[in-house]
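Subject: Structure handover

Hello,

Here is the structure I promised you. Please open it first, then read my notes below.

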Amino acid sequence: MSDTKSDTIQNLLTMALKAHREESLKEAQAGYENVLELDPSHAQALCNLGIIYKNAQNYSKAIALFTKALESDPKSITCMHNFANLYRTIQNYDKAIGLLQNAIEMAPKNAHLFNELAITYEKQGNTPRALHYYTQAIHRDNHYIKAYNNIGVILYRQKRYSDAVKIFEMAQKVDPHYAGTYLNLGAALNRAKRYEEAKDVLEKSVTLDPNNSGPYTNLGNVFNKLHQHHEALHCHKKAITLEEDSASNYANIAITYKSLEQYKNSAKSFEKSLTLNPTSINANFDYATLLLLTGKLKKGFEAYEWREKKEEFKQTKQLEKILEKPRFTKRCETEDKRLLIFSEQGFGDNIQFVRYVKLLKKQYPKLALTLTCQPELITLFQELGEIDTIIEREGKLGRFDYQIPLLSLPYLFETSLKSIPSKTPYLNATKTDLPLNLDTKKINIGLVWGGSNTNENHHNRLLELKRFIPILNHNKINVYSLQVGEDAQDIDKLGLSTDQITDLSEQLHDFKMTASAISQLDLVISSDTSVAHLAGALKKPVWILLQKVPDWRWLLDRNSSPWYPSMKLFRQSKKDEWDAVYESLFTSIEKKYKIKLERV
């Protein structure tokens, strides 16, 4: 090649590279093509032109260009890297891995190539190999911040939040000024329920990257966890200002509006979010709970079907097999057919919605019903004559023709506030299962102050046992603890005597035993827990103490429940303030039983 031709090619390449850097892609493409007219095997021009075609999603043309570039320069690491990125984009992970491994053989100390290989394995779903190569990237360069963060993100997705925090903290030490690390660390601390630490870290992230909506979004979520909802609102508004087309930003502010009891603003924000992203699982589900909370049951139960797409819905190993069968609808043939109703969520949910089996049997008398449920509920539900077969959630399924989740039955029957099947009792109890030998001259009250420790809202539902001392100390009241689990230990922690409270926890092996105890009592006082549902289902007087913004099933601004006629609701008038709730409870007891309680 003559010096003149070589100089011409170099000048054309220089101009093309400048245009490429300035994102003048048409000019850059023309420049590379001019180079190739003079030198059809020019590796750099071929590679860079391949990048332009890749970004334009003309993958076949890009593959041809990268292939020719490597034929011209088989040792071009840059070309291998970009070619691998193309294959990763079109999900041909094996070829991408092969190219990156070839590049690593020629540049074994290049941390970036190891990081890229790890990313490819992660995309392929091979998490162990991804973690291995991210670690190898760090071994090549212990200041390679991206690899630390990528490891942390994997641990975060695996819900190993404490481990993720440790990795992000290592990354933070490597580069104290990298905003992305603070964002990731704050998110992990949030999931680890270390909210104050998360707040401090995310405030630093906002300072480092004030024009990014991500730190504001995460900080707003943490403020919500800390019940600092006005601060959360400010953050989410800022996030929307920075990223107006983000569906998740509107969903987040909708949740904040809900916490602030601004339900109309919450609904509008959810609707905006779903306009931007109609298939968002979390936004559809959260909007459903808002609709249900505000009494729009028919529309709410329809939207509540989105819960089936959430990861939490996959509670049993058998679910995939169950869902192979057709979903039951009102148009299904029922002659000699069997319907599998599979339970979901917690004990209270199953107790509340098992009432619908009566409607099913009444409307479809020839349809055989099989119900799956937790072992603790089997003996209780066996009393329901409408159910033909009951099996444990993980038990052998047997033959069935259709399936439906238990909590989809309200949607099937198009339930509204007026059409709730509220007739009770729909569950039965036998007093002789757990005889209490009650003193009938006294008021016999069952007490539950804590719910399931696995419920993410447990801390908001948990009441303080010591707040019930005026009831426990009254000589005309016998209190029976219906509390099970870890919270039952509060009796010993407070040093309460058997004269103050009778602990039944060791005898409450399943809900049939709890039902037996409840059936003998005059009243049940409970937090928002499964025992409250059970008492309501048995038509026993039951009083529930609720937080200001309760679970959707208790609705708003009412002291009764359309689901349970025997239930009375005691609500917070201000968020997180329980004094008035207990005072209302004590006053109601005094009025109902004509006694005087000594406040403490």
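Helices (H or I, at least four residues) and strands (E, at least two) are DSSP runs, numbered from the N terminus. This is a predicted model: local features need pLDDT of at least 70, side-chain atom pairs count only at pLDDT 80 or more, and totals for chains, interfaces and linings use all residues. Residues are numbered from 1 along each chain as its sequence is written, and side-chain values use heavy atoms, with hydrogens and water left out.

Start with Glu23. This residue sits in the loop between helix H1 (3-21) and helix H2 (25-38). Glu23 is not a glycine, yet its phi is positive, at about 65°. Next, go to Pro425, in the loop between helix H23 (409-412) and S5. The peptide bond from Thr424 to Pro425 is cis, and its omega is near 0°. For background, most residues other than glycine have a negative phi, and most peptide bonds are trans.

Two strands pair if DSSP finds at least two bridges between them.

Look at S1 (residues 338-342) and S2 (residues 368-373). They run parallel and are joined by five bridges. Which residue in S2 is the bridge partner of Ile341? It is Leu371. Contact means heavy atoms within 4.5 Å.

The seven-stranded sheet

Another open sheet has seven strands, in the order S7-S6-S5-S8-S9-S11-S10, with mixed pairing. The edges are S7 (502-503) and S10 (560-561), and each pairs on one side only. S9 (residues 542-546) and S11 (residues 564-571) pair in the parallel sense over five bridges. There, Ile544 stands opposite Leu569 in S11.

Two helices lie across S5, S8, S9 and S11. One is H28 (residues 530-537), running at about 145° to S11. Another is H29 (residues 579-593), running at about 165° to S9.

Some terms come first. Angles under 35 degrees count as roughly parallel, over 145 as roughly antiparallel, 65 to 115 as roughly perpendicular and the rest as oblique. A crossing is left-handed if the near helix is turned anticlockwise from the far one by less than a right angle, and right-handed if clockwise. Ala, Val, Leu, Ile, Met, Phe, Trp, Tyr, Cys and Pro count as nonpolar, Asp, Glu, Lys and Arg as charged, and the others, Gly among them, as polar.

- H5 (residues 77-89) packs with H6 (residues 93-106) at about 160°, with axes 8 Å apart. H5 is therefore roughly antiparallel to H6. Their crossing is left-handed. Residues of H5 in the contact include Phe83 and Tyr87, and those of H6 include Leu99 and Leu100. The contact has eleven nonpolar, two polar and two charged residues.
- H27 (residues 511-519) and H28 cross at roughly 60°, and their axes come within 10 Å. H27 and H28 are therefore oblique to each other. The crossing is right-handed. Phe511, Thr514, Ala515 and Ile518 of H27 meet Ser530, Val531, Leu534 and Ala535 of H28. Six of these residues are nonpolar, two are polar and none is charged.
- H15 (residues 247-259) and H17 pack at about 25°, with axes 10 Å apart. H15 is therefore roughly parallel to H17. The crossing of H15 and H17 is left-handed.

Aromatic pairs

How many aromatic pairs does a search of the whole structure find? The count is 23. Rings of Phe, Tyr and Trp (its six-membered ring) pair if their centres lie within 6.5 Å; planes under 30 degrees apart count as stacked, over 60 as edge-to-face and the rest as tilted. Take Phe270 and Tyr287: the ring centres are 5.7 Å apart and the planes are at 35°, so the pair is tilted. Phe270 is in H16 (residues 263-276) and Tyr287 is in H17 (residues 281-293), so the pair ties together parts 17 residues apart in sequence.

Best wishes

Notes:
Axes are lines fitted to C-alpha atoms, for helices over the stretch in contact, and angles run from 0 to 180 degrees between N-to-C directions.
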